[in-house]
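Open the model in your viewer and keep the sequence panel beside it. This tour tells you what to select at each stop and what is there.

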Amino acid sequence: VVYEQEGVFIHSSCGKNDDQDSLISGILRVIEKENEVIVDWRPLDEALGTSSIFYAGKDSSSVVEWTQTPKEKCSRGADRPSSYEAEWDMVTTVSFKKKPHSNGDSTAHANGESKWSFLFSLADLKSIKQNKEGMGWSYLVFCLKDDVRLPALHFHHGDSKLLIKCLEKHVVLNESPQDKRILLVNSQNKSLSQSFENLFDEPSYGLLQKFKRDPYTVTMGRFSKVTNYIFDSFRLSDPSSQRRPPSEMADFLNDAIPGLKINQQEEPGFEVITRIDLGKQPEVSRREPVSAEEWAKSMDSEGRILNADYIKQLIFKGGLCHTLRKEAWKFLLGYFPWNSTKEERANLQKRKTDEYFRMKLQWKSVSEEQEKRNSRLRDYRSLIEKDVNRTDRTNKFYEGEDNPGLILLHDILMTYCMYDFDLGYVQGMSDLLSPVLYVMENEVDAFWCFVSYMDQMHQNFEEQMQGMKTQLIQLSTLLRLLDSGFCSYLESQDSGYLYFCFRWLLIRFKREFSFQDILRLWEVMWTELPCQNFHLLLCCAILESEKQQIMDKHYGFNEILKHINELSMKIDVEYILCKAEAISMQMMNCKELPQAVSEILGIENSSVTPDSYTGEDESGAVLSCPTSLYQSVSTPGIAANGTRDSTEQTSEPQSLTPA
Amino acid sequence: MQKHNQKEHLYKLLVIGDLGVGKTSIIKRYVHQNFSPHYRATIGVDFALKVLSWDAETVVRLQLWDIAGQERFGNMTRVYYREAMGAFIVFDVTRPATFEAVTKWKEDLDSKLVLPNGKPVPTVLLANKCDQGIDVLMNNGIKMDQFCKENGFVGWFETSAKENINIDEASRCLVKHIIASESDPVQSVEPDIIKPHLNSSKIVSCSACFKS
């Protein structure tokens with residue numbers, strides 16, 4: 001035996017079509033024989049219990065015991081272990097369970113876990129696929145020459161590189177030109193083998209070279225992977241460091257590679273997740289809600305809002321006091337133009353009132369006979385009646401039987417069907433209307449504010465739900481920049497599509513916060529500050545807050561969904577607004593923001609060219625100056641006759657963030 | 001705490017069916033023993049856990065996945081099916097259209113989810129709101145038995161979340177079939193149709209629902 005590693009797991013749930021959920025701990029060995037080298041993995045119990053395993057593969061050079069082909073796996077045949085109890089254990093306890101180390105126990109799992117054991121000759125090895133970048137631990141997938149892919153081996157105890165090193169004594173491994181994660185077995189030319197050895201010998205040098213040469217987007221993605229190499233290689237060169245706590249290792253790495261940021265985890269399970277370039281998350285504080293006085297002060301004698309951008313900044317930083325909402329929301333939602341006079345608004349309201357009642361009359365005057373022949377209207381009506389009866393019924397405004405609030409909800413939604421018959425009514429829309437109506441306390445105003453809000457949200461509810469799909473993709477792009485390790489983890493749990501954010505996105509967190517908190521959250525989002533799609537950064541902020549628990553407890557597909565779902569009413573709105581704002585600052589201050597990200601956030605990409613980028617510079621220097629955040633949003637369109645001059649423009653924002 | 005030799009099972013169960021048929025109400029009744037006509041419309045999915053002392057040695061934990069019925073969300077909510085062990089499909093006896101949708105739900109379920117042995121997951125059909133006393137279905141018990149057989153349901157029940165009718169019974173029926181299919185992965189038990197009005201003496205109000 002030339003190599004032996006305990007704590008190598010098979011995650012039997014990782015296959016896309018597999019619906020079990022268990023980890024099988026095992027021992028990986030490399031065994032040298034006369035003229036071949038055998039790689040052997042088997043479950044812990046078995047490995048401990050039997051000594052005959054070394055001879056099990058004597059007569060064959062290929063897969064002996066692990067007989068599943070990928071096809072069989074897809075059909076979910078008999079390969080599933082019969083002990084459901086063991087599988088559900090994972091769901092209930094969500095912690096790693098080591099099987100007892102007793103020899104007598106080995107038979108108990110004979111039908112289940114030993115199915116997964118395998119061994120093969122190195123001569124049959126075609127390639128090795130390594131873990132995705134940035135995963136907290138490493139894993140390897142062996143692919144044999146007959147294209148059999150063995151289950152992924154997860155090195156929870158770290159040392160996949162030791163294995164690679166060991167294998168390299170016997171075969172030459174080259175990075176595949178198509179995919180750097182794949183190591184191809186090359187049986188001929190040893191001199192062509194590249195970079196790996198270098199990487200081990202001179203980790204910091206190799207890394208920096210790579211870092212400087214590659215454009216940001218490429219490096220960014222690869223970086224965390226590279227770190228894992230280094231991490232392991234340090235361990236290689238210094239065996240005593242095997243048991244070093246991750247924090248110490250992180251310091252070690254930081255010294256070796258200036259500018260490399262390591263996001264340290266308290267728990268030892270997932271050691272190093274790297275994040276570069278975004279820098280530290282700046283401290284952000286929020287201010288008091290805008291007061292009636294402040295609001296009044298910002299209006300001229302005719303009722304124009306003098307400096308809309310300034311007011312929006314105040315609202316972004318602190319929200320509105322409740323008495324102001326009725327008026328201010330009309331501006332925020334775009335029902336009232338910011339530079340309109342009181343008189344203009346009164347005229348507008350008159351017009352809009354007529355328009356509203358004209359549309360309301362349309363459905364009101366449909367006779368029973370007509371409706372019989374109008375299935376769409378009938379369906380909309382029945383949906384609306386169902387949903388109105390169950391929208392925020394614990395809120396005073398909507399509670400009790402025959403509450404006038406309910407009738408208003410109903411009538412506004414029905415009128416909206418007339419306003420946009422193609423869309424009609426889709427579940428979730430009553431959730432969006434309810435707070436608006438609650439604040440407006442007026443049918444017509446609520447309707448038009450709702451129309452504006454729906455303009456933003458329309459795509460979420462369309463037949464193909466394109467809005468939802470786009471947002472999920474955008475969210476994953478943002479999350480990847482913020483924390484590629486977490487993204488990879490989610491992918492490894494088949495949760496990469498972030499479906500668990502469905503409800504957040506569909507109705508803008510309406511169900512995740514208390515009614516009062518939603519009023520705050522929405523008015524902040526309606527300022528459209530500090531960047532486009534701020535709500536996606538809110539998602540990022542929440543996810544980042546939950547990341548540790550999700551990863552530490554090794555949540556799978558079901559648990560992630562359940563966990564995220566059950567965050568409802570447990571999130572602190574002010575905290576999460578601060579965090580999301582901090583993330584926005586990180587991203588906007590990022591020198592080389594990936595194009596895709598700047599597009600999502602709607603920021604001008606004033607990026608420095610890669611040439612002028614100096615990797616060695618302490619990235620701390622890039623860090624937050626809050627004013628740049630405001631400069632980027634406050635320049636355009638100051639109210640027409642804005643008497644407040646530009647000096648106020650630049651000085652005010654700083655007063656928003658008392659340090 | 002759990003007794004030393006007790007076995008514990010955790011099953012993921014889906015509750016699906018058209019919008020507004022009472023999926024959430026059934027779950028709330030089952031888990032929290034109460035009823036309100038004002039439960040919010042489910043967006044995406046909600047969860048509830050019910051613990052059953054199945055027998056002296058077995059505790060069964062049911063993780064109930066309450067999945068939104070709105071058709072438009074279908075594409076996105078189907079991902080929630082995975083790894084489920086059983087399902088309830090619910091319709092509203094007062095709305096024939098929701099019954100017509102039952103086969104659609106069943107086909108959809110079977111196409112997206114099978115047990116490890118390749119069989120469809122055990123599914124029980126719930127005819128909810130039977131307290132409303134309106135028999136729009138024009139179905140009698142025999143027809144429903146036939147319907148279940150043809151469509152692969154392991155049983156059906158007339159239920160009322162409001163009046164707490166038959167929900168425990170329906171759940172026991174489903175769990176029984178899950179345990180059976182689990183312990184004997186090759187041979188599934190014969191579909192048995194449990195007629196609530198014959199089986200259980202405490203249910204009286206339900207008989208009004210039957211034409212027979």
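Is A:Thr527 buried or exposed? Select A:Thr527: at 2% relative accessibility it counts as buried (buried is under 20% relative accessible area, exposed over 50%, partly exposed in between, with a 1.4 Å probe and protein chains only).

Before moving on, note that this is a predicted model, in which local features need pLDDT of at least 70 and side-chain atom pairs count only at pLDDT 80 or more, while totals for chains, interfaces and linings use all residues. Residues are numbered from 1 along each chain as its sequence is written, chains are lettered from A and ligands numbered from 1 in the order in which they are written, and side-chain values use heavy atoms, with hydrogens and water left out.

**Stop 1: around A:Thr527**

Show the loop between helix H21 (515-526) and helix H22 (534-552) of chain A; A:Thr527 is found there. (Helices are DSSP runs of H or I, at least four residues; strands are runs of E, at least two; both are numbered from the N terminus.) The side chain of A:Thr527 reaches the backbone oxygen of A:Val524 at 2.7 Å.

**Stop 2: charged pairs**

Side chains of opposite charge can pair when their charged atoms come close. A search of the whole structure finds 36 salt bridges over all chains (a side-chain nitrogen of Lys or Arg within 4 Å of a carboxyl oxygen of Asp or Glu).

Select A:Glu581 and A:Lys317. Their side chains meet in a salt bridge at 2.9 Å, N to O. A:Glu581 lies in helix H24 (residues 573-589) of chain A and A:Lys317 in helix H10 (residues 308-318) of chain A, so the pair ties together parts 264 residues apart in sequence. A:Glu581 is buried, with a relative accessible area of 1%. A:Lys317 is buried too, at 0%.

Next, take A:Lys330 and A:Asp445. The closest N and O atoms of this salt bridge are 3.4 Å apart. A:Lys330 sits in helix H11 (residues 322-332) and A:Asp445 in helix H17 (residues 443-461) of chain A, 115 residues apart. A:Lys330 is buried at 8%, and A:Asp445 is buried at 7%.

Switch to chain B. B:Lys106 and B:Asp110 form a salt bridge at 2.7 Å, N to O. They are separated by about one helical turn because they are four residues apart in helix H3 (residues 96-112) of chain B. B:Lys106 is buried at 4%, whereas B:Asp110 is partly exposed at 25%.

**Stop 3: where the chains meet**

Show both chains. The contact takes 36 residues from chain B and 44 residues from chain A. Together they bury about 4,200 Å², 60% of it on carbon and sulfur atoms (buried area is the accessible area, 1.4 Å probe, that two parts lose on being put together, summed over both). Highlight B:Arg72, B:Met76 and B:Pro116. They supply 19% of the area that chain B buries against chain A, more than any other three residues.

How many salt bridges cross this interface? The rule finds three. For one salt bridge, select B:Arg82 and A:Asp494, whose side chains meet at 3.0 Å, N to O.

Note on methods
Contact means heavy atoms within 4.5 Å. A polar contact is a pair of N or O atoms within 3.5 Å; within protein, one must be able to donate a hydrogen and the other to accept it, and residues adjacent in sequence count only if both atoms are side-chain atoms.
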